[in-house]
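Colleague: I have a few minutes before the next run. Can you put the model up and take me through it?

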Amino acid sequence: PRPVISATGLFTPPESISNEELVDSFNRYVASFNADNADRIASGEIEALQPSSTEFIEKASGIKARHVIAKKPILDIETMAPRWDERGDEELSQMAEIGVAAAREALEKAGRSPEDVDAVLCAASNMERPYPAMAIEIQQELGIDGFAFDMNVACSSATFGIQTAADYVRSGNARSVLVVSPEITSGHLNWRDRDSHFIFGDVATAVLVEDAAIAPAQHWEILGTKLKTVFSNNIRNNFGFLNRAHPDTSGAPDKLFVQEGRKVFKEVVPMVAQMIVDEAEGFGIEADKLRRLWLHQANAGMNRLIAQRVLGHEASEDESPTVLDTYGNTSSAGSIIAFHKHNDDLAPGDTGLICSFGAGYSAGAVFVRKVG
Ligand code: CO8
């Protein structure tokens with residue numbers, strides 16, 4: 001069996017927050033905090049909070065807006081977090097709901113019905129609950145007979161999921177596998193942290209990996225995959241069930257996303273660029289001839305540098321498309337959104353690369369070639 005990508009799906013939350021709206025809310029929070037704490041600030045006990053700026057955000061990251069599931073509470077300076085009614089155990093959970101929406105699109109595009117699917121992987125950075133697995137709930141909602149499980153490799157969850165699915169296909173354990181990545185990153189983002197409040201957005205993607213023998217005429221052959229991890233504390237989130245063991249620190253800022261953005265930038269760019277060049281060679285692909293790079297969507301500057309090192313020249317938007325301007329960083333879904341939105345125009349025989357990198361550190365490369 002030869003694994004291919006038969007189709008992809010995307011769910012984009014209707015609501016979006018522009019940099020202007022975000023910074024306006026953040027700066028009102030800063031003014032309110034500083035006014036409430038004027039005495040402590042004056043006495044030197046605490047430092048005044050600094051305002052955020054739209055110019056900084058766009059220049060440092062390339063992000064102009066981000067979609068979120070619940071805009072109003074995030075912008076409300078009394079809340080600055082997502083809020084919705086808790087769902088009962090008999091209702092479809094929030095994460096499963098958006099994952100199912102993306103999965104349905106992928107199935108429809110491939111002309112596939114749920115009975116034809118053998119496995120579901122929910123590959124995402126944060127699971128809504130530990131168990132039962134989100135993937136099994138998605139499997140049940142879609143009506144798939146087979147097996148399902150969750151996997152988390154942070155930003156690289158989707159590419160690790162694609163390799164896992166491809167391996168099931170190669171080994172004959174499954175012929176059709178859905179890799180679903182519902183990334184509700186608004187829940188892990190500290191909207192009161194100036195250094196990171198602008199980074200993330202919510203979305204869900206789905207990738208249908210199948211045996212070429214049953215795939216639709218038009219598909220993407222998976223030429224090769226490479227995964228890499230190197231431990232780093234530079235992107236970290238200490239939230240977890242063992243927070244109960246030290247309740248005094250359970251609400252501390254390290255129980256949300258924190259990063260050393262500069263270090264991440266400096267360390268990850270060379271690691272990923274080298275990995276792509278080495279692996280392309282191993283698969284007999286000339287890296288500088290890759291027709292398109294669908295890169296992880298964390299930072300426009302990082303992507304510029306990586307694409308330049310791989311292609312040997314500054315990449316055009318056509319060679320390395322950007323979606324983070326309107327989606328923000330959507331963790332593992334980013335490179336899949338880029339692929340989903342920007343692959344129709346390529347010609348049969350064109351090769352490309354889906355590539356993720358981020359927390360862990362983790363990086364994943366999926367080399368593909370268009371067929372049909
Ligand atoms: N407004 C105005 N000024 C600001 C702001 C702000 N909002 N924030 C910081 N500044 C100031 C700083 O105080 C600093 O001032 P000074 O020079 O006086 O100290 C100055 O601006 C520069 O700050 P930085 O050095 O922090 O700014 P950078 O230019 O490095 O940009 C970025 C910050 C955008 C974070 C950048 O470093 C970056 O993008 N790095 C790459 C990070 C990255 O890719 N991380 C991976 C993200 S993780 C991921 O993709 C998935 C995570 C998986 C977790 C699960 C997700 C759901």
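Colleague: Start with the ligand. Which residues come nearest to the ligand?

Modeller: This is a predicted model, to begin with. Phe56, Ser125, Gly261, Ala298 and Gly358 come nearest, out of 30 residues around the ligand.

Colleague: Which elements give two or more residues to that shell?

Modeller: Helix H3 (54-61) and helix H8 (261-282) do.

Colleague: And how do the shell residues divide into nonpolar, polar and charged?

Modeller: There are 13 nonpolar, 13 polar and 4 charged residues in the shell around the ligand.

Colleague: Moving on to the core. How many residues does the largest nonpolar core have?

Modeller: The largest nonpolar core has 107 residues, and Ile138 and Val179 have the most contacts inside it. Helix H5 (residues 94-110) provides the largest share of this core, with 9 residues.

Colleague: What does valine 179 touch?

Modeller: Setting aside residues up to four places away in sequence, valine 179 touches Leu121, Ala123, Ala158, Gly161, Ile162, Ala165, Ala206, Val207 and Val209. Ala158, Gly161, Ile162 and Ala165 are also among the buried residues of H7.

Colleague: Then tell me about H7. How many of its residues are buried?

Modeller: 12 of the 15 residues of H7 are buried, so the helix is largely enclosed by the rest of the structure. Among the buried ones are Phe160, Tyr168 and Val169.

Colleague: What length does H7 reach from first C-alpha to last?

Modeller: H7 covers residues 157-171 and reaches 21 Å, close to the 21 Å expected at 1.5 Å a residue.

Colleague: What follows H7?

Modeller: Glycine 172, and its phi is positive, near 85°.

Colleague: Change of topic. Where is alanine 204 found, and is it buried or exposed?

Modeller: Alanine 204 is found in strand S7 (residues 202-211). Alanine 204 has 29 other C-beta atoms within 10 Å, and 20 or more make a residue buried, so this one is buried.

Colleague: What is alanine 204 in contact with?

Modeller: Leaving out neighbours within four places in sequence, its contacts include Phe11, Ile98, Ser181, Glu183 and Ala333. The C-alpha atoms of alanine 204 and proline 13 are separated by 8.7 Å, although the two residues are 191 residues apart along the chain.

Colleague: Now the strands. How many residues of S13 are buried?

Modeller: S13 (residues 362-371) is mostly covered, with 8 of its 10 residues buried.

Colleague: Which strands does it pair with?

Modeller: Strand S8 (residues 219-229) runs antiparallel to S13, with 10 bridges joining them. Strand S12 (residues 351-358) also pairs with S13 in the antiparallel sense, over 8 bridges.

Colleague: What about the hairpin of S12 and S13?

Modeller: That hairpin has 3 residues between the strands, and glycine 360 takes a positive phi there, near 140°.

Colleague: Last one. How many bridges join S1 to S8?

Modeller: 2 bridges join strand S1 (residues 3-11) to S8, and the two run antiparallel. Isoleucine 5 stands opposite tryptophan 220 in S8.

Terms used: Residues numbered from 1 in each chain as written. Predicted model: local features only at pLDDT ≥ 70, side-chain atom pairs only at ≥ 80, totals over all residues. Helix = DSSP H or I, 4+ residues; strand = E, 2+ residues; numbered from the N terminus. Expected span 1.5 Å × (residues − 1). Pairing = 2+ DSSP bridges. Core = buried A, V, L, I, M, F, W, Y, C linked by C-beta atoms within 7 Å. Contact = placed C-beta atoms within 7 Å. Near = placed C-beta within 6 Å. Nonpolar A, V, L, I, M, F, W, Y, C, P; charged D, E, K, R; others polar.
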